[in-house]
Amino acid sequence: MAGPAALSAAAAAALVAALLLLRREDPGSGASPSMAETEALSKLREDFRMQNKSVFILGASGETGRALLKEILEQGLFSKVTLIGRRKLTLNEEAYKNVNQEVVDFEKLEDYASAFQGHDVGFCCLGTTRAKAGAEGFVRVDRDYVLKSAELAKAGGCKHFNLVSSKGADKASNFLYLQVKGEVEAKVEELKFDRYSVFRPGVLLCDRQESRPGEWLVRKFFGSLPESWASGQSVPLVTVVRAMLNNVVRPSDKQMELLENKAIHDLGKAHGSLKP
């Protein structure tokens with residue numbers, strides 16, 4: 001277990017990163033929903049359900065993946081839901097009874113190509129931290145595992161691939177985290193999915209099951225700011241997953257979509273009945 005000094009250092013580093021982000025101007029993405037789209041959201045969901053599409057989620061054991069799975073089941077958007085991960089999750093609630101689970105070894109993903117076959121839509125929420133996995137482990141999970149999974153998904157027939165990235169992602173960044181996020185965004189784009197959506201949320205506002213003192217401090221920091229300031233650099237987790245699903249049901253002729261933090265806020269807050 002890390003000592004107080006290590007935790008303080010991590011918290012300080014996280015707060016510095018937050019302050020650096022505050023210095024960056026959020027360019028937005030032009031992806032905010034129009035009034036017509038907002039009013040038609042219930043109809044879009046209904047039309048989408050009628051298509052009986054299947055979906056897989058990578059990283060359902062993490063905060064974002066778990067929240068996404070819950071929202072998907074509540075909205076009833078897909079006829080088949082599959083979780084792909086390194087271990088089988090314990091899902092006791094009745095709502096989860098029809099969720100399929102595929103257990104894979106991410107070090108030998110090519111041996112599990114069948115797990116990625118037959119899905120129309122894929123959501124990738126895979127991710128770790130440098131503190132938890134070390135620099136090499138972080139790169140392996142956030143870049144190599146994600147890219148290999150995307151390759152297998154494309155080969156398996158996935159048409160719409162959704163990637164959770166990070167605000168500030170840039171393959172030319174001097175920060176390893178942002179550099180790796182930018183690299184994998186670009187590499188997945190080269191696969192040429194029919195539709196590829198990248199979500200770049202700011203600091204995720206949620207109560208993690210896994211203790212991360214640095215992130216806790218950052219969340220408290222943004223929680224103390226006026227909402228108009230905080231919303232530029234942070235976003236509630238539920239807003240992120242609702243934005244992802246609101247985006248997936250609306251038609252798009254763009255092969256690649258980049259949704260920055262502001263667009264995620266706007267789209268995630270779009271009104272309409274969420275349940276069937």
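**Exercise 1. Which residues form one aromatic cluster with Phe 161, and how are the rings of Phe 161 and Phe 193 arranged?**

Solution. 
- Start with the members. In this predicted model, Phe 161, Phe 193 and Tyr 196 make up one aromatic cluster.
- Take the geometry of one pair. The ring centres of Phe 161 and Phe 193 are 5.0 Å apart, and the planes stand at 15 degrees.
- Apply the cut-offs: centres within 6.5 Å make a pair, and planes under 30 degrees apart count as stacked. The Phe 161 and Phe 193 pair is therefore stacked.
- Place the residues. Phe 161 sits in strand β5 (residues 160-164). Phe 193 sits in the loop between α6 (176-189) and β6 (195-199). The pair links distant parts of the chain, 32 residues apart.
- Phe 161 and Phe 193 are both buried.
- Lys 154 lies over the face of Phe 193, 5.9 Å from the ring centre.

**Exercise 2. Is the pair of Phe 56 and Phe 116 stacked or edge-to-face?**

Solution. 
- A search of the whole structure gives 6 aromatic pairs.
- For Phe 56 and Phe 116, the centres are 6.0 Å apart and the planes are at 80 degrees.
- Planes over 60 degrees apart count as edge-to-face, so this pair is edge-to-face.
- Phe 56 belongs to strand β1 (residues 54-58), and Phe 116 to the loop between β3 (100-103) and β4 (121-124). The pair therefore ties together parts 60 residues apart in sequence.
- Both Phe 56 and Phe 116 are buried.

**Exercise 3. Which element gives the most to the largest nonpolar core?**

Solution. 
- The largest nonpolar core has 37 residues. Leu 68, Ile 72, Phe 78 and Phe 123 touch the most other members.
- List the elements that give two or more residues: α3 (41-49), β1, α4 (63-75), β2 (80-85), β4, α9 (237-249) and α10 (261-268).
- α9 gives the most, with 8 residues.
- Look at Leu 68. Leaving out residues up to four places away in sequence, Leu 68 touches Ile 57, Phe 123, Cys 125, Val 241, Met 244 and Leu 245.
- Another core, of 25 residues, lies apart from this one; Ile 84, Cys 124, Ala 150 and Phe 161 are among its members.

**Exercise 4. Where does Asn 52 lie, and is Asn 52 buried or exposed?**

Solution. 
- Most residues other than glycine have a negative phi.
- Asn 52 is not a glycine, yet has a positive phi of about 50 degrees.
- Asn 52 lies in the loop between α3 and β1.
- Its relative accessible area is 53%, so Asn 52 is exposed.

Conventions:
Residues numbered from 1 in each chain as written. Predicted model: local features only at pLDDT ≥ 70, side-chain atom pairs only at ≥ 80, totals over all residues. Heavy atoms only, no water. Helix = DSSP H or I, 4+ residues; strand = E, 2+ residues; numbered from the N terminus. Buried < 20%, exposed > 50% of the residue type's maximum accessible area, 1.4 Å probe, protein only. Lys NZ or Arg CZ within 6 Å of the ring centre and 35° of its normal. Core = buried A, V, L, I, M, F, W, Y, C linked by side-chain atoms within 4.5 Å. Contact = heavy atoms within 4.5 Å.
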